[in-house]
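Please read the following explanation alongside the sequence and the model, moving from the overall fold to single residues.

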Amino acid sequence: MKKRLFTPGPTPVPEQIMLRMAEPIIHHRNPEFMEILERVHENLQYLFRTSEPVVVLSASGTGGMEAAITSCFGKDDKLLSINGGKFGERWSRLGETFTGNVLEITIPWGTAPDSDELARLLKQHPDIKGVCLTHSETSTGTASDIQTLCQTVRSNSDALILVDGITAIGAHEFHFDEWGVDICITGSQKGLMMPPGLALVAISRRAQDAIEKNTAPQFYLSLKKALASHKGNDTPFTPAVSLVIGLDNALSMIREEGIEQIWDRHARLAAACRTGCEALGMRLFSSSPSNAVTSVWLPEGEEWEAFNTALKTDNGITVAAGQDEFKGRIFRISHLGYYDELDMLTVIGGIERALYQTGYEFTVGTGVTAVQKTLLQEEMKGAALQD
Ligand SMILES: *Cc1c(COP(=O)(O)O)cnc(C)c1O
């Protein structure tokens with residue numbers, strides 16, 4: 001059976017990238033590798049829309065988040081974290097672990113943060129040193145308006161702005177320099193069409209100054225060390241050589257398609273996925289849906305285990321389950337990274353098959369038809385389609 005992955009990390013990897021990574025290993029201190037790393041560094045700046053350094057860490061995305069917290073802050077530094085899902089919560093837990101001083105704004109799962117509450121807390125606590133935000137909250141499929149949140153922080157505080165961009169980079173418009181972000185992190189297995197194993201961290205001038213001054217203990221995940229090596233297109237420790245080589249390929253593909261075109265493609269596929277789900281009678285979970293992942297409620301009467309077994313075992317399709325209190329009640333469909341229009345027909349077609357196989361009552365083809373229409377209407381610039 002052909003297996004198809006529709007999870008928001010890991011995401012599918014193009015065959016040409018897999019092949020490139022299968023080539024004989026090279027040594028990381030030889031000029032051939034340094035040339036690759038130089039090109040990777042340059043293309044990462046293109047991806048994040050920045051002229052500041054973006055360092056490559058051999059770690060998963062969370063390693064990049066931990067590197068940011070431990071490199072920028074020390075014990076007792078006050079952080080503000082917005083928690084609207086598993087990954088906002090991760091920022092809070094990291095802050096509690098390393099500074100022990102976290103103010104948290106909790107918002108209901110599936111909603112996007114509002115800047116008024118953020119402004120109010122920043123005014124009330126002028127000693128806040130860092131604000132931790134999540135651009136695309138993967139556990140709920142929710143996108144935040146990061147540009148507005150950044151403006152709010154900037155006009156009320158000198159705090160550093162840390163953005164978890166792990167499923168936003170590539171899927172949502174993002175401008176690191178223009179929006180005044182200080183740290184943004186992504187992971188290789190999300191929008192970059194790569195296997196897991198690399199964290200990419202963009203670091204502003206202001207964050208570099210904070211890192212320089214910070215005396216808190218750090219070693220492997222030190223951004224100070226990573227920045228020092230970055231200058232010479234080098235890494236402080238042995239990098240995940242094969243992954244960096246694969247990333248070189250992935251970033252060339254991204255440059256070739258163009259970042260604006262990639263944002264547009266994600267918006268298009270996300271819209272198609274949402275209409276397909278709604279046409280099948282499944283309600284959207286998020287009031288501000290992400291372009292990386294669509295979260296939907298299981299239809300009334302549908303049982304998650306049976307549905308997922310039909311989807312995975314009989315149709316080869318893996319989607320992501322709901323988490324915490326939404327386990328068994330919602331599920332999440334990824335369209336992040338290496339996906340195209342026909343993939344959306346496939347996943348909605350697979351969901352239709354699983355719904356049919358588990359006895360859900362609907363008109364077969366409704367979801368697929370909605371996807372076709374949404375995509376074709378968009379491509380034909382709104383020209384009416386024949387039924
Ligand atoms: C996947 C993900 C992470 C965690 O990344 P790991 O690579 O699993 O450590 C953090 N934040 C968001 C928004 C994610 O989607």
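Predicted model: local features only at pLDDT ≥ 70, side-chain atom pairs only at ≥ 80, totals over all residues.

Residues are numbered from 1 along each chain as its sequence is written, and side-chain values use heavy atoms, with hydrogens and water left out.

The protein's secondary structure comprises 13 helices and 14 strands, where helices (H or I, at least four residues) and strands (E, at least two) are DSSP runs numbered from the N terminus. With a radius of gyration of 21 Å, close to the 21 Å that the globule rule gives for 387 residues, the protein is as compact as a globular protein of that length; the radius is taken over C-alpha atoms, and the rule is 2.2 Å times the number of residues to the power 0.38. Taken along the principal axes, the box filled by the C-alpha atoms is roughly 65 × 55 × 40 Å. Of the 387 residues, 57% count as buried, a term that means under 20% relative accessible area, whereas exposed means over 50% and partly exposed lies in between (1.4 Å probe, protein chains only). Among contacts (heavy atoms within 4.5 Å) between residues at least 6 apart in sequence, 71% join residues at least 24 apart. The protein exposes about 16200 Å², of which carbon and sulfur atoms supply 50%, as computed by the Shrake-Rupley method with a 1.4 Å probe.

The record lists residues 25–323 as "domain: Aminotransferase class V"; over residues 25–323 the chain is 43% helix and 17% strand, and the end C-alpha atoms are 38 Å apart. The record also places "modified residue: N6-(pyridoxal phosphate)lysine" at Lys190. Such positions are given in the numbering used here, feature names are shortened, and annotations may be inferred rather than shown by experiment. In the model, Lys190 sits in the loop between strand S9 (183–187) and strand S10 (198–203), and it is buried, with a relative accessible area of 9%. Leaving aside residues up to four places away in sequence, Lys190 touches Pro8, Gly9, Thr11, Ile166, Thr167, Leu336 and Gly337.

How many salt bridges does the structure hold? There are 16, each defined as a side-chain nitrogen of Lys or Arg within 4 Å of a carboxyl oxygen of Asp or Glu. One of them pairs Arg29 with Asp234 at 2.5 Å, N to O. Because Arg29 lies in the loop between helix H1 (15–21) and helix H2 (31–48), and Asp234 in the loop between helix H8 (223–230) and helix H9 (241–257), this pair ties together parts that are 205 residues apart in sequence. Arg29 is partly exposed at 36% relative accessibility, and Asp234 is partly exposed at 23%.

Another salt bridge joins the side chains of Asp182 and Arg206 at 3.1 Å, N to O. This pair links distant parts of the chain, 24 residues apart, with Asp182 in the loop between strand S8 (160–164) and S9 and Arg206 in helix H7 (residues 205–213). Asp182 is buried at 1% relative accessibility, whereas Arg206 is partly exposed at 32%. Within helix H7, Arg205 forms a salt bridge with Asp209, their closest N and O atoms being 3.3 Å apart; the two residues are four apart in the helix and therefore separated by about one helical turn.

Turning to the cysteines, the count of disulfides is zero, a disulfide being a pair of cysteine sulfur atoms within 2.5 Å. The sulfur of Cys184 is 9.3 Å from the closest cysteine sulfur, in Cys150, and so is too far for a bond. Cys150 is buried at 0% relative accessibility, and Cys184 is buried at 0%.

Some backbone details remain. Most residues other than glycine have a negative phi, and most peptide bonds are trans. A cis peptide bond joins Gly9 and Pro10, with omega about -5°, and Pro10 is found in the loop between strand S1 (4–5) and H1. Arg49, in the loop between H2 and strand S2 (54–58), has a positive phi near 60°. Asn233, in the loop between H8 and H9, has a positive phi near 50° and is buried, with a relative accessible area of 17%.
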